[in-house]
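Please read these notes with the model open. They cover the domains, the relation of the chains and the ring contacts.

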There are 2 protein chains.
Amino acid sequence: MSDTSDSAVRTYIRQHRDAFLGDLVEWLRIPSVSAQPEHAEDVRRSADWLAARLRETGFPVAEVWPTAGAPAVFAEWPSDDPGAPTVLVYGHHDVQPAALADGWYSDPFEPRLEGGRLYARGAADDKGQVFFHTLGVRAHLAATGRTAPAVHLKLLIEGEEESGSPHFRTLVEEQAHRLAADAVIVSDTGMWSETTPTVCTGMRGLVDCEIALYGPGQDIHSGSFGGAVPNPATVAARLAGALHDADERVAVPGFYDGVVPIGAAERELFAELPFDEAEWLGTAKSSGTLGEAGYTTLERIWARPTAEVNGIGGGYQGAGGKTIIPSSALLKLTFRLVAGQDPDAVEVAVSRWVAGWVPDGIRYDLTFAASTRPCLTPLDHPALQSVVRAMGKAFDGQKIRFTREGGSGPAADLQDVLKAPVLFLGISVPSDGWHAPNEKVEIDLLLKGVETAAHLWEDLGGALR
Amino acid sequence: MSDTSDSAVRTYIRQHRDAFLGDLVEWLRIPSVSAQPEHAEDVRRSADWLAARLRETGFPVAEVWPTAGAPAVFAEWPSDDPGAPTVLVYGHHDVQPAALADGWYSDPFEPRLEGGRLYARGAADDKGQVFFHTLGVRAHLAATGRTAPAVHLKLLIEGEEESGSPHFRTLVEEQAHRLAADAVIVSDTGMWSETTPTVCTGMRGLVDCEIALYGPGQDIHSGSFGGAVPNPATVAARLAGALHDADERVAVPGFYDGVVPIGAAERELFAELPFDEAEWLGTAKSSGTLGEAGYTTLERIWARPTAEVNGIGGGYQGAGGKTIIPSSALLKLTFRLVAGQDPDAVEVAVSRWVAGWVPDGIRYDLTFAASTRPCLTPLDHPALQSVVRAMGKAFDGQKIRFTREGGSGPAADLQDVLKAPVLFLGISVPSDGWHAPNEKVEIDLLLKGVETAAHLWEDLGGALR
């Protein structure tokens, strides 16, 4: 392992901070919303922008990879040591939908620097966390005097993560030879808090479905017909209302099949975290907790599978009243999965469950978006320990603790196809407001991300040999 | 009773048909949507228009009566026989919301005459059925040679019926001395079909509520927080999903208190009606029936109380997915009441039921619009028999049968305050599409309404003495 100077890394980062932020702002201006067809061209523009920027960073290879949906970006920077291990960094360049009307204080696609924070859709999820690798690898080279990274470095930045990564697995399978790696670093998660740096050891999986229910051919008078024909809004409500039992367990039969229970050791580690429920509720902008009986809040969001109503709609939602039986209703549900659950089996269970609730006289379309597998990395994996050491340097020797991530990413597909361990390196904090109005990233933490990345390749180059 | 010539009535109607329809079209062009604040001025304009038209018709008194909401129209035409009974006609000049986007084939406020039908919002509910009284009273005078009607005729045409008549009872109480009547004729219902004329004997009451549910202060990430905080869309769904039990009975405790059961005689009369469920489903634009166990479809919509979801909304309803816990959700429910149920008691029961479903961490606002009482007139009432005779003349001697009305109107308030029996005279048919896109009225039936009204005053003048 060559000698990496902490102060040289910091000096380099300080010198390039403003240019780095300026470039990130330019990228954040591109509204790469993968869920909205009208932004398809923006997602393509975002990919082109990133590929060009990666070439400028020094990656000899930086390509836009088309998919059946939105394009991904692949980049590669081989080590000059042929025996060096290969590491693949994963992130995404698409973002959640965002509109001023949702409660943003300013245009979500006109980034705003204020009070040490950068506000924009994608600032934390995930453009900021992808982008810290660009300055990170430059700082690694500058501080070590290398002309190429200490590992064969690859980047795969997809464009459909916020839409459930429908074409990601196919892409990874088709390009498996070019993506081959000894370890995968996922930079699409967060850490405990500004003051408690953590490494995440797993992500939940996701099954995402939409149920469109059709009743009368048009809205009909609820006085004339009410009580005698089925109402699709009522059926949507019955489905959503029956999602959970009285213990807030998911009531879809078969849903829990295969779930790996959380072990006593990890429960103890979670319990040691400085969890302040009142503060957490502040971040969740919520005034009470509610979840599966027998589990703590952290266990519920990290280690237990859940079901959530993301959207429901039917009938008249305007001012005043309208005494109708609506002609249609819509229900958007997501299920979060944990290790041991198979998304395909959950889809089958959900399909059976929906069919059992829909009465004669209601037609329905049940569609699943692409699912995401859950994944989990053992706490004692040597590469995980590398990440912990690099992060420890960036955080001035603070103890690095462990969390899991309640959200979902296609990390498990990379693990499946590439047969490589998946590690998580993220610096976002819960208050960053992922998927919410006024998403932001803390600039100090963003630079800690740069610094961790700058230290990581040297350490990992040794750990993975 | 003076001599009324059927053919004189018909001749007069034929001569004035086109002018009558032209005037109605003019009125239908005014979008008097009481539920939408942006149409408040249109509702006022509708009242002014009607008052002016009633004066032209010959009513010596025609006034716009302001209320705390939308204005009503009152008109009076005394008989020249001081001993004649007084009859009050009730209807409404406001209409349901309507927009092209809801599925109208043409502008709902640009009336379209096609195939013997007049298409427009309000054509049947209720402007057309109010308006047939204008030509009706003129035909009555023309055919009998009278210069004033055979009864002291009063009209009260309110402007907030489609908004639950929030100020109607107050208005009736305040103006009880001017509204005093020996009978009330409500022209805001329908009949069985084009070929089976019927008289309605009762209307269901209405309790209308909106439940706004508030969870997180903004939409939050369902991966990061899902399964640990209450979701207002889920709570809205749980409420709506718990509205009915497995027998499709309303599951709100206490809801059925006081319900007058439907008698065996009326069940038999209903069963004699030429009810074709397949045809009825066609009118309901539905492909299956669903309702309270143990009752027929007609009994369910006419004689049993029900609960209906008119609207539900929360979270993301656009294209694609958005993995959020929404910050709020909305539920619009209406309950139809039958004789014996007290709207105030139902509101108390609903309030208790809602409170029992809302968990800690969810705040809610439950608001009730003004309620409407149920009402029912005995089948053997002499004034009801008058209506049957007048209608029999208009329908060429056909047997007039009995129905009830599943919808609601403020008829019971008139009955309560004025201590007068309430009779129903309506010529609308189920296919008219009340509250639905492409509402229409059959012009032939509209003219039968004119004719019935033309015969009614003479007969009723005798029957009520």
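1. Buried area here is the accessible area (1.4 Å probe) that two parts lose on being put together, summed over both. Between domain 1 of chain A and domain 2 of chain A it is about 1500 Å², and carbon and sulfur atoms give 65% of that area. Trp192(A), Pro374(A) and Arg404(A) supply 47% of what domain 1 of chain A buries against domain 2 of chain A, more than any other three residues.

2. The model is predicted: local features need pLDDT of at least 70 and side-chain atom pairs count only at pLDDT 80 or more, while totals for chains, interfaces and linings use all residues. Residues are numbered from 1 along each chain as its sequence is written, chains are lettered from A and ligands numbered from 1 in the order in which they are written, and side-chain values use heavy atoms, with hydrogens and water left out.

3. Chain A has domain 1 (6-202 + 374-463) and domain 2 (205-368), with bounds from an automatic or database domain assignment. Their C-alpha centres lie 31 Å apart. In contact (heavy atoms within 4.5 Å) are 17 residues of domain 1 of chain A and 20 residues of domain 2 of chain A.

4. The same surface serves both copies, since 100% of the contact residues of chain B recur in chain A.

5. Rings of Phe, Tyr and Trp (its six-membered ring) pair if their centres lie within 6.5 Å; planes under 30 degrees apart are stacked, over 60 edge-to-face and the rest tilted. There are 28 aromatic pairs over all chains. One of them, Phe225(A) with Trp280(B), is tilted, at 5.7 Å centre to centre and 55 degrees between the planes. This pair crosses between chains, from helix 6 (residues 222-225) of chain A to helix 9 (residues 277-283) of chain B; helices (H or I, at least four residues) and strands (E, at least two) are DSSP runs, numbered from the N terminus.

6. Phe255(B) and Phe335(B) also form a tilted pair, at 5.6 Å and 50 degrees. Phe255(B) lies in the loop between helix 7 (232-241) and helix 8 (264-272) of chain B and Phe335(B) in strand 13 (residues 328-337) of chain B, so the pair ties together parts 80 residues apart in sequence.
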